[in-house]
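Dear colleague,

Here is the structure I promised to pass on to you.

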Amino acid sequence: MVSDAKDIYEIFSNDAITQYYDVSTYTSVNQAEQFIARMNDRFATGEGIRWALALKSTNQLIGTCGYNAISQRSQRAIIGYELKQIFWGQGYMPEALQAILRYGFEELSLNRIEAFVMLDNHQSVCMLKKLRFVEEGILREYGFWKSKFWDLHCFSLLKREFCDRA
């Protein structure tokens, strides 16, 4: 919601977060409003879904996660996520991702969920491995943002792997 723009801005105006993201560090709340509008458009067209993560105790928005791209034809999707730095390492994101993985496999009938992670984003790599994503390799110069090509780890989780552990 547009009312979340200040919290979204707080996340994306932090260089520690945007260093691993395909966007430049936000300098205005208007950029956060545009992000929210893009996510709403992607939801309306069925191309993506983004959920706000909020603390149960205060309902404060602390991050978002969801499907950046959904291909119903191929039964696969790409996940993305970010969290306010103060909440890193406290288990919020793995808990949220567990829920969206279940939703993806059970409600969206996905067979494969992918994640692409910058090589030096060690926290994200560790979290995906704990969630039992399989690292498939490194995609050389796969991403291009901030005027530079980036190598990315490619991770995936298949529906049968997710169901086997449940």
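**Strands, cysteines and one serine**

Leu 53 stands opposite Gly 63 in strand 2, where strands, like helices, are DSSP runs numbered from the N terminus (a strand is E, at least two residues; a helix is H or I, at least four). Before going further, please bear in mind that this is a predicted model, in which local features need pLDDT of at least 70 and side-chain atom pairs count only at pLDDT 80 or more, while totals for chains, interfaces and linings use all residues. Residues are numbered from 1 along each chain as its sequence is written, and side-chain values use heavy atoms, with hydrogens and water left out.

Strand 1 (residues 49-54) pairs with strand 2 in the antiparallel sense over six bridges, pairing being counted if DSSP finds at least two bridges between two strands. These two strands form a hairpin with six residues between them, and Asn 59 in the turn has a positive phi of about 65 degrees. Strand 2 also runs antiparallel to strand 3 (residues 76-83), to which eight bridges join it.

Strand 2 (residues 61-71) has eight of its 11 residues buried, so it is largely enclosed by the rest of the structure; here buried means under 20% relative accessible area, exposed means over 50%, and partly exposed lies in between (1.4 Å probe, protein chains only).

Cys 65 has Tyr 81 in strand 3 as its bridge partner, and this cysteine counts as buried because its relative accessibility is 1%. The structure holds zero disulfides, a disulfide being taken as a pair of cysteine sulfur atoms within 2.5 Å. Cys 65 is accordingly in none, and the nearest cysteine sulfur, that of Cys 126, is 19 Å away. Cys 154 is likewise in no disulfide, with the sulfur of Cys 126 again the nearest, at 17 Å; Cys 154 is buried as well, at a relative accessible area of 7%.

Finally, Ser 109 is placed in the loop between helix 4 (92-106) and strand 4 (112-118), and with a relative accessible area of 39% it is partly exposed. Leaving aside residues up to four places away in sequence, Ser 109 touches Gln 75 and Gly 104, contact meaning heavy atoms within 4.5 Å. The C-alpha atoms of Ser 109 and Tyr 92, which are 17 residues apart along the chain, are separated by 25 Å.

With best regards
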